Amino acid sequence: MTIKQDAEEGENSLQEEMREPLMQEVKTSADEEDGYAAAKQTHESSKGHQWMVYLSTFVAVCGSYAFGACAGYSSPTQSAIMEDLSLSLAEYSLFGSILTFGAMAMRISSGFCIAGWLAIYFAKGPVLLDIGRLATGCGMGAFSYVVMICCGVSVSFINGTVLTWRVLALTGLIPCAIVLLGLFFIPESPRWLAKIGRRKDFEAALQKLRGKNADISEEEAEIQDYIETLQWLPKAKILDLFQRRYLRSVTIGVGLMVCQQLGGINGICFYVTSIFKSAGFPSNIGTIIYACIQVPITALGSPLIDKVGRKPLLLVSASGLVLGCMVTALSFYLKTHEVALEASPILAVTGILVYIGSFSVGMGSVPWVVMYEIFPINVKGVARGLATLVNWFIAWLESYTFNFLMSSLLR
């Protein structure tokens with residue numbers, strides 16, 4: 001018994017010795033230095049990755065700001081341009097509205113935007129003025145980040161109260177130039193590169209965005225799987241959207257865009273200074289107040305979309321739009337019939353501020369969010385294109401006819 005126990009103990013000790021490595025790993029100061037260097041390199045790579053992401057985001061945000069600068073240009077400059085260039089109401093209405101036509105027709109980005117602002121600055125008559133406005137519209141159609149668009153509109157409104165219309169056109173060059181220069185330093189969209197089959201460029205762009213030492217294999221495989229899934233799906237055409245199975249989604253998506261634009265937002269945004277002037281309220285003060293409340297309310301509405309929900313936010317926003325329009329209409333009704341003339345300007349400003357606040361909190365952004373969510377993946381691209389086309393067409397129609405409607409109202 002004892003001999004057997006001793007034999008088992010000897011065998012166990014032999015197995016333990018066999019499990020031990022022949023060369024013991026000794027942690028030296030050199031190894032610690034290597035580990036520190038690797039950690040430092042990883043940190044620097046992560047830091048570089050963050051800066052590239054920040055730069056790419058900044059360039060995209062400047063593009064949306066340029067969008068807002070284009071949209072906000074026509075309101076504070078209307079009186080000065082019409083006086084300096086002797087434009088009729090019809091000519092200025094064409095100038096204001098042709099921006100949306102350019103955004104509807106093409107999306108060529110910052111190069112056209114720069115050319116457009118320069119054309120406006122050097123304009124001596126309506127032709128070059130309209131060409132410049134059309135070119136800025138072509139440039140701004142590629143960008144649509146709502147909060148920064150509102151920032152661009154608000155800054156244009158405020159600057160327009162102190163700058164001449166030619167100098168204000170030059171300020172519009174700044175964000176466009178930043179976008180144009182920034183595009184030379186940021187990578188192309190990895191998903192787009194993967195979609196067109198440029199695999200090496202796709203990997204290089206993704207690596208540049210995520211960091212030199214980052215492991216991109218999992219994300220790369222995920223993107224490739226998504227692209228392959230899209231390629232296997234049938235290619236949708238615009239006529240396919242009118243099939244019975246897509247008709248409900250198309251009706252909702254396009255219907256929201258129609259309601260958004262027929263509510264009058266572009267007419268008010270493009271010509272709000274003339275509205276305040278017609279109502280008898282100091283146009284500069286009204287424009288600055290409008291600009292100051294627009295951005296914070298829009299920023300407040302962004303988190304509310306997920307917390308409150310799409311439908312409740314749309315209902316509240318639409319109710320506010322109706323209320324704002326009714327108050328503004330009451331103001332002009334009182335002025336036309338010369339009743340309570342002292343209250344008329346205050347009512348006009350109150351109505352416009354209620355309107356823009358209500359629009360910014362819901363109707364401005366929710367239709368775009370819903371449009372991205374309701375369409376099946378195989379028709380999403382075509383359906384979004386149709387909804388956007390309808391949106392810009394009604395925006396053009398509305399912004400062109402708005403001055404004529406205001407003129408007939410005040411007769």
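Colleague: Which residues make the nonpolar surface patch of about 640 Å²?

Modeller: Patches are made of residues with over 30% relative accessible area and no salt bridge, nonpolar side chains (Val, Leu, Ile, Met, Phe, Trp, Tyr) being joined within 5 Å and like charges within 9 Å. A salt bridge is a side-chain nitrogen of Lys or Arg within 4 Å of a carboxyl oxygen of Asp or Glu. Here the patch consists of Leu55, Phe58, Leu180, Leu181, Phe184 and Phe185. Helix 2 (29-71) and helix 9 (173-182) each give two or more residues to it. Helices are DSSP runs (H or I, at least four residues), numbered from the N terminus.

Colleague: What is this model, and how are residues numbered?

Modeller: It is a predicted model, where local features need pLDDT of at least 70, side-chain atom pairs count only at pLDDT 80 or more, and totals for chains, interfaces and linings use all residues. Residues are numbered from 1 along each chain as its sequence is written, and side-chain values use heavy atoms, with hydrogens and water left out.

Colleague: Is phenylalanine 58 buried, partly exposed or exposed?

Modeller: Buried means under 20% relative accessible area, exposed over 50%, partly exposed in between (1.4 Å probe, protein chains only). Phenylalanine 58, in helix 2, has 45% relative accessibility and therefore counts as partly exposed. Serine 274 in helix 14 (residues 265-279) is buried, at 19%.

Colleague: Where does helix 15 bend?

Modeller: A bend is the angle between axes fitted to the seven residues ending at a residue and the seven starting there. Helix 15 bends by about 30° at serine 302, and proline 303 follows within four residues. Just after this helix, glycine 309 has a positive phi of about 110°.

Terms used
Areas by Shrake-Rupley, 256 points an atom, 1.4 Å probe, with all protein chains shown as cover.
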